Amino acid sequence: KGITSFDEYHFTVGDACFTFLNANAVPSQLENHHAEHSQFHTPRWPEIFYAMNGSLVINTQDGKETLQQGDLAIVPSNLLHRAYVPDESRSVGLLFDIQAVKCDGEERYEERFRQLLNRDSIAVLRSFDHFGAFKRLMIYQSYHYEDSERLIAACLQEIIFLVKDGLSTSTDMRTAEVTLENTSYRDYIIENYINSRVSDNPSLEELAGQLHISIQQLQR
């Protein structure tokens, strides 16, 4: 309601095409609505909420979920809800969609991801604790780098990989502690970003600075 413009980002993984859409692609802080001012709504797409610090409250008709710093929630599409952030708290909200695309491989990424999202309630990943991915996203959104669009897309890829792995490794969505053994998504993202810049012959220092990782990490 009241959205007059938005940013949209697309990327593909295997047979899946992800679209991220928001009035402000990565708001550094959701509007500080208190419960009495926040409106219930039913989105067409799933939403991701991440508590950067403080807390965030998501109300549904059946109750409420309170996210503390480091917690992440995935709200399924068509679930009536409202979210508000108490004063002095900061959170990130993202709206995303996933569609099947033609793929000759056998991975079926889109099908597996949809199975993980096939829920009628909020999935909460406690102590998700991947602050760095969301912080980089906010940095790329706030400052105008030459490659901001590609950097933002790379961060969104990282977040969606983290969310998928978190959902895959969690047995109890409401109390799960997320531990990620496999960080191959980072290699995937770095490789794709470097490939997009290879014709510019960038230095290691420049690439590491733009990806907000150390030169040693990039070399590894």
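**Strand pairing, a helix and aromatic contacts**

Q: Which residue in β7 stands opposite I58?
A: I58 faces A83 of β7. Strands here are DSSP runs of E of at least two residues, and helices are runs of H or I of at least four, numbered from the N terminus.

Q: Is this a predicted or an experimental model?
A: It is a predicted model, in which local features need pLDDT of at least 70 and side-chain atom pairs pLDDT 80 or more, while totals for chains, interfaces and linings use all residues. Residues are numbered from 1 along each chain as its sequence is written, and side-chain values use heavy atoms, without hydrogens and water.

Q: How many bridges join β4 to β7?
A: Four bridges connect β4 (residues 55–60) to β7, and the two run antiparallel; strands pair if DSSP finds at least two bridges between them.

Q: What is the strand order of that open sheet?
A: The three strands follow the order β5-β4-β7, with antiparallel pairing. β5 (63–68) and β7 (81–84) are the edge strands, each pairing on one side only.

Q: New topic: which residues of α2 are buried?
A: A133, F134, R136, L137, M138, I139, Y140 and Q141 are buried, meaning under 20% relative accessible area with a 1.4 Å probe, protein chains only.

Q: And the aromatics: how many pairs are there?
A: The whole structure has seven aromatic pairs, with ring centres of Phe, Tyr or Trp (six-membered ring) within 6.5 Å. F18 and F113 form an edge-to-face pair, 5.3 Å centre to centre with 75° between the planes; edge-to-face means over 60 degrees.

Q: Where do F18 and F113 lie?
A: F18 is in strand β2 (residues 16–22) and F113 in helix α1 (residues 109–117), 95 residues apart. Both F18 and F113 are buried.

Key:
Buried < 20%, exposed > 50% of the residue type's maximum accessible area, 1.4 Å probe, protein only. Phe/Tyr/Trp six-rings, centres within 6.5 Å; stacked < 30°, edge-to-face > 60°.
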